[in-house]
Amino acid sequence: MKKIAAFLAIMMIATTLFACKNPKSTESENTSSETVSNANPQITLPFENLTLGVGQTYTLEPEILNADDTEITYESSRESVAEVSEDGVITAITVGDSVISVTVGTVTAEIKLTVKRGATDVVLTFDKCTLGVGDTVLLEVSLLPDDLFNSDVFYRSLNEDIATVDEDGNITAVAKGEAVIEAYTINEKSAQCTVTVLPHAESITLDKIEIELKVDANATLTAVINPEDSIDTIVTFTSEDKAIAIVDANGVITGKAVGTTKITAAAGSIKTECTVTVTETPKVVEVTSVTLDKGNTTIYVGNTLTLKATVSPNNADDKRVTFSSSNKAVATVSTTGVVTAVAKGITVITAAGVNSRKASITITVDDSESKAPQLFAPHTYKDAFDGQTKSFVGHVFTDPNYFVIFGTCDGDATITAKTTKGQVITTKADHGIFNITVKKEDTKTKVTLTAKNEGMAESDPVTYEAAYVDPMYIQSSNYWRIIGGSDSSFFLYDHNGYLDFMRTNTYSQSQLDQAKSNINKKVAAIKQYNPDAELIYMVVPAAATIYPERMPSYFEPLDKKSRIEQIYGVIEDSDAVLIDLISLFNEHKNDDLKMYWKTDTHWTDYGAFLAYTELFDYIKQRFPEAAPREFDEFDFVEDYYYSGDMSVYLGYSESTIKEYNARRVPKFSMSTQLQEISEKRYVSAKKLTYTPSFAQNQHIINTGNNDLPNCIVMRDSYGTQIMDIIPERMNQTVMRGMWDYGIRTQELNTYKPDYVIIVIVERNIDSIIN
């Protein structure tokens, strides 16, 4: 209330200054009064010069003497600048000069009026902030435009029980809750900042107050901050004696030498301790041998064989056994030793102990004939002539003259399709999945399929009638058209997929100039809060950019730069940093692990890992502790996973088709939050498409390692595959929700990132232009 009273007093003083005979202001001076005499009558005005702000009014009260007729006439020389009423009320309209005339009879007196700007906008350095009880922060204000008749700023709190503000804009948090702080001017222009006040940590609860562990063994200490809504969200762990035990930012304690020490957990000004006793590691009983209960044998395709491994001695400390197959295309083996015959050939099954002790047998898989290929859930139609229901395959995707046959076979069989009019098309299956693009011949095209696995005879032929179909889902905005390519690959047609490949949608020079301007503006905005900050672009090429040879042969791109090549050039010529993924992926396009899915529009965990490595190879130049994890620090679990969006766009359910691929699983310890992100980013362990309710949302991750940089990651759906491994190499990460590329000054001011990383796929690069 005191601040409001002070404001009213200031307003009264300001009004007096403008209305009295000797007004003063920072802009000009209203000079002394003028008396005009013409014997009879006499007009006395309060001053010769008057300054008002736009929108302000002043009532002129002239003194009239010696006049028989006291009728007064008022006039403004420039009514566009200021108007004056018949009662002498002057109203300032716009910036400029005018002369106000006062006439009684034949006598006239004048005042020179100057109209200056009043504040039109109040700009705050931030419109939201979060403070702990007792904390303070300065709310800085700037007024627009610069040339004002009065630049005073006043402050008030709309809830002083929660937060107060002094005359200089210093906000003080008083109690838990939310308050609005308002900054305003003498002409009642204002802006508001919402202040959220949270309590500071009052205590820390540890899940253990005493821990005993062996030398080189680990134990995890979990800390809970009380109250739960405390502003102090990061727990810092330290060891009293690092020679006895060390602790990392996640509370993982490692015994180093025999002895006792204390681990301190701190949040804000609150600390608590856990006593750690490290004891000697007992002598390990090593594995001396591993044996299998069966010798070399032959099994047939589709059959299984269970192997039992025996580890000696019986009292070995670690009796774990890992099974592996030297040729998974011939036979696979489960973690429990169940061998499944896949295709004709020879493979070696090995059972390995923990210290390289192992046993092996040779498995021969026999099959005199390849298994015939099968289609995925063939569609049906009713024949117009005989009324019978018949099977057909095919979808419109780029051209109504072509359709796709999509099905399964054994292993990596070569699939051959023959039509009645002589078309012969072959393709190589990918771990049991194949597709073939066939040109339409008639209303219905008869297609005969065969499969041939290496070392086996060709399968019996199977024949389908393929009818051209224009499915309803193609006409829906919920489904995108798909291109069937070679090597059992699919590609996106809609959303710039086809146009990018054909290079018919390239940018004009003005668009490229706009993109460069947008990028440099982002860089400038980021550096306002951290002069050393960098903007990094990871523009992910589409699969068709890396594997053009897999696109249909009748697609002939124009001989000019594509959009992504243009954007790469713009970024390289800007103030931002480009991670060149085109060159990187071309180097790795023939790796054993896939960089892209074939039934989904996204990159794989392996493709994302390659990009992550390239990114942190750059970042480690400034932050050596942020060097990327090595390939061997992850398990790439190869298996059949349910396919993604492109198989759905072809009309199949999400649980119909599986594709052989690899999921990246860290071998190292991760925080509970990062472990949750790593697991929940996908729908399930067997369905590697992003979870809309989790992966699309924003996540803020803290590792508590101040030797690592801070970052903000802006991403589209391609961020799913790296949203767990980028934060692990950072101190603090704001993982934006998908498709949110805007610059937020409050976010930059709060986190002061060392890097802002933009992950965007080729089809979405219009966002850089716009």
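Which residue in strand 35 is the bridge partner of T332?

Reply: The bridge partner of T332 in strand 35 is T340. A word on the basis comes next. This is a predicted model, in which local features need pLDDT of at least 70 and side-chain atom pairs count only at pLDDT 80 or more, while totals for chains, interfaces and linings use all residues. Residues are numbered from 1 along each chain as its sequence is written, and side-chain values use heavy atoms, with hydrogens and water left out.

Back to the sheet. Strands (E, at least two residues) and helices (H or I, at least four) are DSSP runs, numbered from the N terminus. Two strands pair if DSSP finds at least two bridges between them. Strand 34 and strand 35 (residues 338-341) are joined by three bridges and run antiparallel. They belong to an open sheet of three strands, in the order 31-35-34, with antiparallel pairing. Strand 31 (304-306) and strand 34 (331-333) are the edges; each has a single partner strand, so one side of each lacks a neighbour in the sheet. Neighbouring strands here are turned by 20° against each other on average, direction ignored; the axes are lines fitted to C-alpha atoms, and angles run from 0 to 180 degrees between N-to-C directions.

Strand 53 (residues 682-684) and strand 54 (residues 687-690) share two bridges. Y682 has Y690 of strand 54 as its bridge partner.

Now the core. A nonpolar core is a set of buried Ala, Val, Leu, Ile, Met, Phe, Trp, Tyr and Cys residues joined through side-chain atoms within 4.5 Å. Buried means under 20% relative accessible area, exposed over 50%, and partly exposed in between (1.4 Å probe, protein chains only). The largest core holds 89 residues, and Y596, W603 and I757 have the most contacts inside it. Helix 7 (residues 605-619) contributes the most, with nine residues. Another core, of 22 residues, lies apart from it and includes L148 and Y155.

Contact means heavy atoms within 4.5 Å. Beyond its neighbours within four places in sequence, Y596 touches residues including V540, Y547, F585, W603 and Y718.

Two of these partners form ring pairs with Y596. Rings of Phe, Tyr and Trp (its six-membered ring) pair if their centres lie within 6.5 Å; planes under 30 degrees apart count as stacked, over 60 as edge-to-face and the rest as tilted. That rule gives 21 aromatic pairs. Y547 and Y596 are edge-to-face, at 6.3 Å centre to centre and 85° between the planes. Y547 sits in the loop between helix 4 (543-546) and helix 5 (563-572), and Y596 in the loop between helix 6 (581-588) and helix 7, 49 residues apart. Y547 and Y596 are buried. F585 and Y596 are also edge-to-face, at 5.9 Å and 85°. F585 lies in helix 6 and Y596 in the loop between helix 6 and helix 7, so this pair ties together parts eleven residues apart in sequence. F585 and Y596 are both buried.

Last, the charges over rings. The test is NZ of Lys or CZ of Arg within 6 Å of the ring centre and within 35 degrees of the ring normal. K658 lies over the face of Y642, 4.8 Å from the ring centre. K686 lies over the face of Y641, at 5.5 Å.
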